[in-house]
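User: Could you walk me through this one? I'd like to go feature by feature.

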Amino acid sequence: MSSPSPDPQNAGSGTNTGTSSSISAMVSTLIPVAALAIAYFVVFLILRSKLARVYRPRTFLGTLYNQERTTKLPDASLGWFGAFKSIPDEYVLEHQSLDGYLYLRFLKMITIICFVGALITWPILFPVNATGGAGQKELDLLSFSNINSNGKNRYYAHTFLGWIFFSFVMYIITQETIYFINLRHAYLLAPFNAVRISSRTILFTDVPQEYLQSEKLQQLFGGTFLRFWKVTDTNKLEDDVKERDEVALKLEGAEIKLSQNANKRRLKFEKKNKNVKEKEPHGDEEAAITSRWLEKKDRPTHRVGKIPLIGKKVDTIEWSRSELKKLIPKIKNTQIQHQKDDATLLSAVFVEFISQQAAQSAFRRMSPRKPPKMNPCATQVVPKEIIWKNLKIGTTQRKGRKILANTFITLMIVFWSIPVVVIGAISNINYLVDKLPWLGGEVTFPAVELKTQGWYMAFQVIQVFLITTFSSGAAAVVTQIINEPESATTLLAENLPKASNFYISYFIVQGLGIAAGNILNIGSLAMLTVVGKFLDKSPRKMFNRYITLAGLGWGAMYPKFGNLGVIAITYSIISPLVLGFATIGFALVYLATRYNVLYVLTNNIDTKGVAYAKALQQLMTGVYLAEICLIGLFAINTAPGPIVLMAVFLGFTVVYHILMRQAFKQLTTYLPGSLEGDEQIGLFNTSDEKSYDATKAGAPPSEMAPVTPSGFVATKATLLSKVFDPRKFRSFDSVKTLIPNFPPPRYEEQEEALAYFNPAVRSEVPRLWIVRDEMGISRREVRDSSDVVDISDEYARFNEKGKIIWDTELVDKENGDVANLENVPVWEKRIDY
């Protein structure tokens with residue numbers, strides 16, 4: 001039977017190509033996902049008050065400062081909703097981090113964009129599409145594809161509503177970028193931040209050899225120079241420190257195993273002789289009791305040598321003590337040499353200035369292309385965020401790595417298409433039945449995170465969105481195209497909007513499934529209640545797992561949900577129904593994230609909010625794609641009026657976006673001297689970025705007068721400052737009330753002196769923590785090992801079943817109780833550089 005020819009009256013938009021199964025597909029996705037989400041949420045309600053470490057660690061962990069802990073919610077299964085709702089989002093800024101607060105704001109912002117978009121489009125586009133006369137069914141009835149060629153004037157509704165909605169999206173992006181600028185400036189200029197060593201320190205790379213001397217740096221930076229740290233080649237030292245730590249932990253494990261073996265024998269004896277209870281050993285009795293429960297075979301052994309399982313067998317405890325006696329003094333002497341610069345120097349240096357303002361001025365003006373050709377690579381970065389190995393990389397090698405990384409990732413994105421096409425086809429299977437820490441040589445983890453955010457967003461948009469969209473659209477009409485190739489463009493114009501049905505299901509999965517899974521916190525639940533008990537065989541591991549809070553990876557999370565925002569914006573006019581499901585999906589993800597950010601998560605990588613600003617600009621991708629797709633669809637359906645109007649608006653979008661990015665570039669990169677007067681607006685009217693030349697300047701970079709632009713540059717700066725002046729927006733005053741009044745950090749003299757040395761240069765010998773037993777074995781081991789290494793058996797013991805337990809009350813701070821962290825043998829003081 002031959003297939004019917006397309007109706008000439010419907011040739012512009014295509015014809016009804018068969019029965020749609022969009023509603024059944026949506027329901028088949030919704031029911032199982034909703035059932036699973038409800039089950040997850042019920043389990044969460046049951047366990048929330050019982051498993052405090054899993055579901056509310058930020059309310060009691062003593063490793064957090066008082067101002068970082070969140071107020072505890074009521075324990076009732078349902079009675080906590082009101083209290084949770086009453087906590088403002090700004091609470092996160094005061095108690096967690098700037099990044100955490102802005103990520104939460106990002107999810108809320110996208111939810112609002114989708115909700116307002118639905119209010120704008122639904123009342124008009126639903127009836128316009130539904131009465132379009134192209135014979136579509138079910139959800140496809142409400143999409144662009146249901147307008148036949150006789151209804152081309154209806155496209156004006158799509159055009160002008162696109163103008164309105166896309167303008168709204170750009171307004172929100174602009175407003176939020178200015179909000180970010182005002183908030184970031186106020187937060188980073190706050191006294192508790194401004195006095196931190198990291199706020200006053202710049203990392204320079206590619207430093208000429210002569211400028212690795214104190215005299216030259218003092219001469220260059222003048223009175224604003226305070227101190228500096230040279231970067232040394234620590235390859236051999238790092239290997240020695242790693243070996244020392246491994247040997248120390250091997251000794252710790254062997255000591256614990258020794259006591260554990262004896263304790264098992266003791267428990268087995270007591271089980272057979274229930275009425276016999278061993279008394280606590282003391283004095284001369286200790287040796288006798290110890291020998292009673294220990295046998296020679298109980299002492300841990302291992303083989304030494306380059307080939308495992310073949311080398312000489314040695315007593316692990318005695319061998320470890322012997323090795324530590326050699327390694328500890330050797331490493332200490334080497335560390336002193338590095339601190340005194342008696343080592344190979346690398347072409348990098350950390351320079352501390354007397355003030356944050358001086359550091360910012362130097363950071364903005366110094367240039368790798370002008371004398372002394374020092375590259376101001378990073379500022380406001382704490383020592384733990386430095387990728388020390390990458391400081392060894394020279395300029396040429398760093399550029400080469402960037403090229404290789406960019407090429408590799410580009411190829412990966414392109415050639416990932418094949419499996420994604422298959423997934424897209426499977427998602428619309430009913431229509432077919434009919435027939436990758438060396439990224440780019442970056443030297444800080446925040447820089448790597450931001451680079452990852454850019455690349456992962458490209459991957460998400462190209463693979464998860466575009467490839468899937470077009471493969472779904474093509475798969476939906478493959479039979480018709482095979483039968484009548486001449487109708488390909490017509491059929492694709494009709495069915496491309498149908499690909500939105502895939503994303504309706506996608507938003508259901510993300511909103512219900514992911515949100516419910518996140519709030520149940522399955523990973524932490526499993527690790528802290530079951531898996532950890534099998535993996536953690538020492539008090540050290542138990543303690544570290546207990547105090548370590550999970551964090552969000554901004555390089556992965558922003559692109560994941562930013563891409564969903566791009567999808568919603570792109571389909572907002574083509575298939576406005578997507579906006580409703582997107583609103584619900586984003587709202588659920590926002591609520592789940594809100595709970596976790598308040599009560600569970602921490603911020604492991606501090607981008608100072610820059611990831612948020614980057615994500616805002618990435619949302620513009622959705623505006624561009626929406627406008628381009630509409631122009632394409634209008635062109636296929638030969639609607640010249642809408643084509644011209646949307647093309648004009650596309651041009652306006654490009655111009656506005658360019659101006660916005662130019663206006664905000666320096667405001668999002670640098671800090672003003674203060675928020676008073678014209679300091680902020682001064683970043684518009686200065687052209688001294690990367691302008692300092694030591695051979696021509698008559699003063700240090702931090703003391704140079706601002707360079708005033710002239711000509712066209714001055715005219716453009718004046719125009720941009722009038723349009724985008726942050727002081728004109730309400731957020732300029734409102735954000736000042738949100739900034740927490742934390743006490744400024746205080747540093748001991750040694751902490752300041754060692755701040756920016758390589759971790760291997762300042763690494764201390766690990767203090768060992770073993771388990772106290774009733775037989776006196778652990779105390780004997782503490783006594784015998786203490787001459788070599790600091791060791792303790794306090795606050796950890798074997799319970800009646802022989803399991804290792806430790807005193808968690810040392811870390812818990814509930815209801816005002818004082819946590820005694822300093823008593824934990826392996827506790828390390830937190831230093832807020």
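Analyst: One convention before the features: helices (H or I, at least four residues) and strands (E, at least two) are DSSP runs, numbered from the N terminus. Residues are numbered from 1 along each chain as its sequence is written, and side-chain values use heavy atoms, with hydrogens and water left out. This is a predicted model, in which local features need pLDDT of at least 70 and side-chain atom pairs count only at pLDDT 80 or more, whereas totals for chains, interfaces and linings use all residues.

User: Ok, backbone first. Which residues does the cis peptide bond join?

Analyst: The cis bond joins P371 and P372, with omega about 10 degrees, and P372 is found in the loop between α12 (356-365) and β6.

User: And where do K373 and D206 lie?

Analyst: K373 lies in that loop between α12 and β6, and its phi is near 55 degrees, a positive value in a residue other than glycine. D206 is found in the loop between β1 and α8 (214-221), and phi of D206 is also positive, near 55 degrees.

User: Is D206 buried or exposed?

Analyst: D206 counts as buried, at 19% relative accessibility, where buried means under 20% relative accessible area, exposed over 50% and partly exposed in between, using a 1.4 Å probe and protein chains only. K373 counts as partly exposed, at 47%.

User: Switching to aromatics, how many pairs does the search find?

Analyst: A search of the whole structure finds 50 aromatic pairs. Rings of Phe, Tyr and Trp (its six-membered ring) pair if their centres lie within 6.5 Å, and planes under 30 degrees apart count as stacked, over 60 as edge-to-face and the rest as tilted. Among them is the pair of F44 and W80, whose ring centres are 5.9 Å apart with planes at 80 degrees, so this pair is edge-to-face.

User: What does the F44 and W80 pair tie together?

Analyst: F44 lies in helix α1 (residues 22-47) and W80 in the loop between α2 and α3 (81-86), so the pair ties together parts that are 36 residues apart in sequence. F44 counts as buried, at 0% relative accessibility, and W80 counts as buried too, at 2%. Both belong to one aromatic cluster, formed by F41, F44, Y55, W80, F81, F84, Y595 and Y599.

User: Why do W122 and F126 count as stacked?

Analyst: Their ring centres are 5.0 Å apart and their planes at 20 degrees, so that pair is stacked. W122 and F126 both lie in helix α5 (residues 98-130), four residues apart, about one turn of the helix. An α-helix has 3.6 residues a turn, so residues three or four places apart point the same way. W122 is partly exposed, with a relative accessible area of 29%, while F126 counts as buried, at 17%.

User: What sits over the rings of Y546 and Y179?

Analyst: The charged end of R53 sits over the ring of Y546, 5.8 Å from its centre, and R105 lies over the face of Y179, at 3.6 Å from the ring centre. A charge sits over a ring if NZ of Lys or CZ of Arg is within 6 Å of the ring centre and within 35 degrees of the ring normal.

User: Back to Y546. Which residues of α21 are buried?

Analyst: In helix α21 (residues 539-547), Y546 is buried together with P539, R540, M542 and F543. Seen down the axis of α21, the buried residues fall within an arc of 165 degrees, so they line one face of the helix; the arc is that of the directions from the helix axis to the C-beta atoms. Their cover includes α2 (52-55), α9 (235-272), β7 (768-769), β9 (796-798) and β10 (804-806).

User: And N563, what is in contact with it?

Analyst: N563 lies in helix α22 (residues 554-570) and is buried, with a relative accessible area of 0%. Leaving aside its neighbours within four places in sequence, N563 is in contact (heavy atoms within 4.5 Å) with M457, Q460, V461, V464, F465 and Y558.

User: One more: how far apart are the C-alpha atoms of F445 and T607?

Analyst: They are separated by 8.9 Å, although F445 and T607 are 162 residues apart along the chain. F445 is in helix α16 (residues 445-476) and is partly exposed, with a relative accessible area of 30%.
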